[in-house]
Amino acid sequence: MASVVVRDVSLNFGAVEVLKSLNIEVEQGEFLVLLGPSGCGKSTLLNCIAGLLDVTDGQIFINGKNVTWEQPKDRGIGMVFQSYALYPQMSVEGNLSFGLKNQRLPADEIAERVKRASEILQIEPLLKRRPSALSGGQRQRVAIGRALVRDVDVFLFDEPLSNLDAKLRNELRVEIKRLHQKLANTMVYVTHDQIEAMTLADRIAVMRNGIIQQLDAPQAIYSRPVNRFVAGFIGSPGMNFLEGTIEGGATPRFNAGDTTIDTKGYEFADKPETGTKAVFGVRPEHVMLGEAARAMPYTSEVDIEIVEPMGSDTLAWTRLGGQNFTFRTDSEYAPKEGEKVLIGFDPARASLFDAHTDIRL
Ligand SMILES: Nc1ncnc2c1ncn2[C@@H]1O[C@H](COP(=O)(O)OP(=O)(O)OP(=O)(O)O)[C@@H](O)[C@H]1O
Ligand SMILES: [Mg+2]
């Protein structure tokens, strides 16, 4: 049975349609990430699931029960917000147990749950401290603990790591993954960070302007994005997009300036016709250099314009088909600015889009 079902959910703020007939089914124990740029409606959707916002249309089910008009507290969910808003005058223990005391749970039950949550999150030594005496990462763990003590099977997270510095964010990301492994609960997790989405999710729902663009496993979204928006949103540095024209046939070819790329091995949804304006997408990490390039179906000699050393690897900027093109190489073998090098890639791993509709060809 699906754990969370969002069925035809729409939400308007006045005349503005923020969510447009969304459908999602989250499996029991699944880690689903809602990913998209600022303002696309991620928090709004999460708040609808939590019951903090009323939907304009559609229904929400949690564990088989229609909760569309239930109060947040009756939905069987625990929520962690971006701004963790702990009660400053209470100790960590007080913050963790506050909601449970309000529910009038027996004292030994409360103590047991606080103990279990603080063990899992490794905040036992901090229980007597006030939030002001904690680091950002520790405060965030307390905020997660507040959801954890509720002992529910669905957790909703809204950008829980975005207030933290990069190092802490990476550490807590792994902890959240570990937490999910241990508890095997259902998670719906909002982020605009594609790395967080790729590393945590069983499936990612990529959103744009209140519409789900693609709902799939991270690897599928990375290698077969359904449109140019998804292709550009996932991956860092972003996918190269070359603009050109298709020459139809058994194996269509892509022409851009003086460059022709044979699309052998590429799986077209529908073979495009000659003259179709298209965008050819190649990920910088799929481009090979020198000897390794020679083994690729497509190769080209290019001039290196700029190199950006990034430690373990280096980004090189060049031009292909008269357009900007970047690729990633091992820093040991990085080319130099002004050098002429052979690059190559496999068009079977590329993504082609219709230039007018942006939809995958
Ligand atoms: N109370 C409101 N009244 C009117 N418009 C609102 C209201 N709340 C949010 N919006 C609008 O709805 C849209 C979606 O907002 P939402 O907070 O869901 O975005 P988000 O994807 O979570 O973005 P972010 O990554 O910046 O948190 C935005 O355009 C926002 O301006
Ligand atoms: Mg938000």
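User: In what order do the 4 strands of the open sheet stand?
Analyst: A strand is a DSSP run of E with at least two residues, and a helix one of H or I with at least four; both are numbered from the N terminus. Two strands pair if DSSP finds at least two bridges between them. Here the pairing is antiparallel, and the order is β2-β1-β4-β5.

User: What pLDDT do local features need?
Analyst: Residues are numbered from 1 along each chain as its sequence is written, while chains are lettered from A and ligands numbered from 1 in the order in which they are written. Side-chain values use heavy atoms, leaving out hydrogens and water; this is a predicted model, where totals for chains, interfaces and linings use all residues, side-chain atom pairs count only at pLDDT 80 or more, and local features need pLDDT of at least 70.

User: Why is one side of β2 and of β5 left without a neighbour in the sheet?
Analyst: β2 covers 16-27 and β5 covers 65-66. Each has a single partner strand, so one side stays without a neighbour: both stand at the edges.

User: Which residue in β5 is the bridge partner of Ile62?
Analyst: Strand β4 spans residues 57-62 and runs antiparallel to β5. The two are joined by 2 bridges. The partner of Ile62 is Lys65.

User: Which element gives the most to the lining of the largest pocket?
Analyst: A pocket is an open set of points on a 1 Å grid over the protein atoms alone, where a 1.4 Å probe fits, with protein on both sides within 12 Å along at least five of seven lines; lining residues have an atom within 4 Å of a point. This one is lined by 24 residues. β6 (77-80), α2 (92-102) and α4 (136-148) each give two or more. With 5 residues, the top giver is α2.

User: From which domains does the second largest pocket draw at least three lining residues each?
Analyst: Its lining includes Gln219, Tyr222, His286 and Arg360. Domain bounds come from an automatic or database assignment. The two are domain 1 (2-232) and domain 2 (237-354).

User: How far is an oxygen atom of ligand 1 from an N or O atom in the side chain of Thr44?
Analyst: Residues around ligand 1, with a heavy atom within 4 Å of it, include Ser38, Cys40 and Thr44. A polar backbone atom of Cys40 is 3.2 Å from a ligand oxygen. For the side chain of Ser38 the value is 2.5 Å. For that of Thr44 it is 2.5 Å.

Methods. Polar contact = N/O pair within 3.5 Å; in protein donor to acceptor, adjacent residues only side chain to side chain.
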